[in-house]
Amino acid sequence: MNRQSNAFKTLYAVVAIAAIALAVSCSKSAAGPDPLSVAVFVPGVASGSPIYEMLVAGAEKAVAEIPGATVKVIEAGYDQSTWLDSLRDTVASGEFSIVVSSNPSLPELCAKLSPDYPSVRFIVADAYLPGNPAIHTILFNQMEQGFIVGYLAGLVTKDRNPDAAPVAGIVAAQHYPTLDRLIRPGFEAGLKAVDPEFKLEFREVGNWYDSAKASELASSLYGSGVEVILPIAGSGGQGVVASARENGASVVWFDGAGYALDPEAVIGCATIAQDRLVYERLKAALSGDTSLYGRADIVSARDGYVGFDPDGKGYAALPRSVRDALDAAIAGLKAGTPDFSMDTF
Ligand code: RBF
């Protein structure tokens with residue numbers, strides 16, 4: 001009898017302790033992570049990819065301006081098959097209220113994890129997913145961005161080789177929807193606005209870092225008479241620049257920081273204001289603006305998020321007539337001609 005009542009006492013004690021532990025852990029998760037704690041999730045490696053370097057810079061600037069806010073940068077590396085697990089580790093740490101990222105494939109991963117981590121909010125640039133109450137996405141109108149450098153590539157090619165069959169190149173890491181549906185068609189539209197006879201040569205590297213392979217692909221294009229190539233290859237794009245330098249040919253660059261790679265080979269850079277965009281959206285979120293979530297915005301040349309950086313030696317060295325024609329085309333684009341505006345993607 002005595003032994004039995006002791007056993008019951010022990011059982012009660014165990015149940016009571018378990019209940020207290022459960023209550024404590026519940027109250028902890030109900031309180032949730034620090035509302036000013038931010039993770040910047042880089043799906044790749046920041047160095048060498050301006051779109052990611054600007055993501056980090058924009059987020060750090062926003063956090064620096066909000067008293068008490070903190071930021072941690074997490075680089076997930078180039079193996080896309082590991083991104084979901086890295087993102088899960090990030091949100092499951094319980095450390096972060098806001099995860100900021102940039103990549104077209106990210107919203108789907110955020111949407112998968114979100115139901116299990118309801119207190120976490122996601123801001124994803126360079127992406128499009130409407131209607132998820134935990135996720136804000138912003139897409140750049142990259143048809144405009146492609147058009148700007150396509151037009152420049154067309155002008156320069158015709159200026160240097162007026163009698164040759166007009167051709168230009170893209171060296172891309174891989175196929176994905178924004179490339180296939182916006183960047184490439186925009187680039188082609190720019191070329192054809194100069195001369196409807198333009199042909200586009202497209203080559204695929206297979207990853208976002210192999211500059212040796214990108215350089216090989218570029219060299220064979222330059223060797224076949226291509227004058228200007230657009231790399232969409234992350235840090236692999238540096239191989240295209242190296243090949244252009246060796247072949248006395250040219251590169252048009254995307255996103256930002258292009259001229260720093262080579263003062264002569266890089267003749268133009270179509271920009272996105274990713275750093276300003278990330279700064280603005282994260283600052284709003286940290287200031288308590290919850291209206292962002294659920295929204296999928298599209299930003300464009302008209303509102304200044306897509307443009308052109310003229311401040312490079314390679315651009316300054318182009319003939320005046322080419323630069324004037326590009327200026328006119330960019331002014332036209334901002335005024336809506338051609339009209340690449342889009343409400344959805
Ligand atoms: N762009 C980069 O500059 N660096 C990268 O490492 C990179 N990785 C990407 C991975 C995936 C799966 C996808 C869909 C796109 C990636 N991009 C990367 C391209 C990026 O989203 C954007 O389209 C280009 O930077 C042109 O603005």
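**Figure 1. Polar contacts between the ligand and tyrosine and aspartate side chains.** In this predicted model, the side chain of tyrosine 176 places an N or O atom 2.6 Å from an oxygen atom of the ligand. Aspartate 255 also takes part through its side chain, where an N or O atom is 2.7 Å from a ligand oxygen atom.

**Figure 2. The shell of residues around the ligand.** The ligand sits in the largest pocket. Two elements each give two or more residues to the shell, namely helix 2 (50-64) and strand 9 (250-255). In total, 16 residues surround the ligand, and the closest are Ser49, Asp126, Gln142, Tyr176 and Asp255. By residue class, the shell contains eight nonpolar, six polar and two charged residues.

**Figure 3. The ligand between two domains.** Domain 1 comprises residues 37-140 and 275-300, while domain 2 comprises residues 142-272 and 310-335. Because both domains give residues to the shell around the ligand, the ligand lies between them.

Figure 4. Which element holds aspartate 255? This residue is placed in strand 9, and its side chain has an N or O atom 2.7 Å from an oxygen atom of the ligand. Aspartate 255 is also listed among the residues closest to the ligand. The phi angle of aspartate 255 is near 85 degrees, a positive value in a residue that is not glycine. For comparison, most residues other than glycine have a negative phi.

**Figure 5. A cis peptide bond at proline 338.** The peptide bond that runs from threonine 337 to proline 338 is cis, and its omega angle is near -5 degrees. In general, most peptide bonds are trans. Where does proline 338 lie? Proline 338 belongs to the segment that comes after helix 11 (320-334).

How values were computed: Residues numbered from 1 in each chain as written. Predicted model: local features only at pLDDT ≥ 70, side-chain atom pairs only at ≥ 80, totals over all residues. Heavy atoms only, no water. Near = heavy atom within 4 Å. Polar contact = N/O pair within 3.5 Å; in protein donor to acceptor, adjacent residues only side chain to side chain. 1 Å grid on protein atoms, 1.4 Å probe; cavity = no way out; pocket = protein on both sides within 12 Å on 5 of 7 lines; lining within 4 Å. Sits in = over half its atoms within 2 Å of the grid points. Helix = DSSP H or I, 4+ residues; strand = E, 2+ residues; numbered from the N terminus. Nonpolar A, V, L, I, M, F, W, Y, C, P; charged D, E, K, R; others polar. Domains from an automatic or database assignment.
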